[in-house]
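Student: Can you walk me through this one? I'd like to start with the aromatic rings.

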Amino acid sequence: MKLCLPALCLFFMATLLSAQKVEDSFEAKSFSDGDFSLNYRIYIPSEIKPGETVPLVLLLHGAGERGDNNLSQLVNGAGSIFRYSRHHKIPAIIIAPQCPAGMQWVDVPWNGDSHVMPKEPSKPMHATMQLLAESIKNLPVDRSRIYVTGLSMGGFGTWDIIQRNPELFAAAIPVCGGGDQAEAAQLKDLPIWVFHGAEDTAVKTQRSRDMVDAVKKNGGTHIQYTEYPGVAHFSWKQTYANPEVLKWLFEQRK
């Protein structure tokens, strides 16, 4: 049996510990839209005052975090968003659904040059949209500050959900994903910050470039793009670790 390198062992141990700390603050729940059940984690700040409303952040994970453990979806992004909101005293509801193994937020290939948005959302995305609607209805959500972000498979999911519901969100951060350029006109008024690694071979960097160009060509002036030189697919690491990115997100209002 091969032993892992000490540095690699430390990395995985730190990742598991980080997920464990986040897990302690996020309640594990399940949502059913009638014919499909979706596991999710939710953080609701305890200090919300009666009558007060707070921002909501929807986080869509990548392909590697699919499954049924209702935990893996917290590994990337959730901890950074949680710690930023706590440190800066911005009470925020955070929802992190988990896509089951073998399914996708958007039923399209990830390595293509483009795709047409499916007429109907995938089963996990449909359930996520219903979960979001129910949460907005039943929780103290500030409807002018609803945000969505996602990485890789979740980057595709982010583009998909904002194209289906452009009026719902105050801002979006798609990371190394891709959308349907033909639907870009709907996004011209939505603040979007797009991220991608210049050396990404899992999801072509051009997917983000094309979406940014399409939004701009349709009159969009609230979209910006950051491309990391020399970075491959894991561009979400520096994105969610950057406090300026999260500061921008929480500053956006409808």
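Student: How many aromatic pairs are there?
Tutor: The count comes to nine aromatic pairs. Rings of Phe, Tyr and Trp (its six-membered ring) pair if their centres lie within 6.5 Å; planes under 30 degrees apart are stacked, over 60 edge-to-face, and the rest tilted.

Student: What is the geometry between phenylalanine 26 and tyrosine 43?
Tutor: Tilted. Their centres are 5.8 Å apart, with 35 degrees between the planes. The pair links distant parts of the chain, 17 residues apart: phenylalanine 26 is in the loop between helix H1 (6–25) and strand S1 (27–32), and tyrosine 43 is in strand S2 (residues 37–43). Helices (H or I, at least four residues) and strands (E, at least two) are DSSP runs numbered from the N terminus.

Student: Is phenylalanine 26 buried or exposed?
Tutor: Phenylalanine 26 is buried, at 3% relative accessibility. Tyrosine 43 is buried too, at 7%. Buried means under 20% relative accessible area, exposed over 50%, and partly exposed in between (1.4 Å probe, protein chains only).

Student: Which rings form a cluster?
Tutor: Trp193, Phe195, Tyr228 and Trp248, linked by ring pairs.

Student: Before I go on, what are the ground rules?
Tutor: This is a predicted model: local features need pLDDT of at least 70, side-chain atom pairs count only at pLDDT 80 or more, and totals for chains, interfaces and linings use all residues. Residues are numbered from 1 along each chain as its sequence is written, and side-chain values use heavy atoms, with hydrogens and water left out.

Student: What pLDDT does the chain average?
Tutor: 93, and 92% of the residues score at least 70. pLDDT is the predictor's confidence in each residue, from 0 to 100.

Student: Where does pLDDT stay under 50?
Tutor: Residues 7–18 are one such stretch, with four contacts beyond four places in sequence. Residues 1–5 also stay under 50, with one such contact. Contact means heavy atoms within 4.5 Å. Where pLDDT is low, the predicted coordinates should not be read in detail.

Student: What about the phi of cysteine 176?
Tutor: It is positive, near 40 degrees, in a residue other than glycine. Cysteine 176 sits in the loop between strand S6 (171–175) and S7. Serine 152 also has a positive phi, near 55 degrees. Serine 152 is in the loop between S5 and H4, and is buried at 11%. Most residues other than glycine have a negative phi.

Student: How many residues does the largest nonpolar core have?
Tutor: 43, and Ile161 and Ile162 have the most contacts inside it. H3 gives the most to this core, with six residues. A nonpolar core is a set of buried Ala, Val, Leu, Ile, Met, Phe, Trp, Tyr and Cys residues joined through side-chain atoms within 4.5 Å.

Student: Which residues is isoleucine 162 in contact with?
Tutor: Leaving aside neighbours within four places in sequence, Val148, Phe169, Ala172, Leu187, Leu190 and Ile192. A second, separate core of 32 residues includes Phe26, Ala170, Val175 and Cys176.

Student: Back to H3. What span should helix H3 have?
Tutor: Helix H3 (residues 123–138) has 16 residues and should span 22 Å; its end C-alpha atoms are 22 Å apart, which agrees. The expected span is 1.5 Å times one less than the number of residues.

Student: What do the buried residues of H3 pack against?
Tutor: S1, S2, strand S3 (54–60), strand S4 (93–98), strand S5 (141–151) and helix H4 (153–164). The buried residues include Met125, Met129, Leu132 and Ile136.

Student: Last one. Is glycine 51 buried or exposed?
Tutor: Exposed, at 81% relative accessibility. Glycine 51 lies in the loop between S2 and S3. Glycine 51 and glutamine 206 are 45 Å apart in space, C-alpha to C-alpha.
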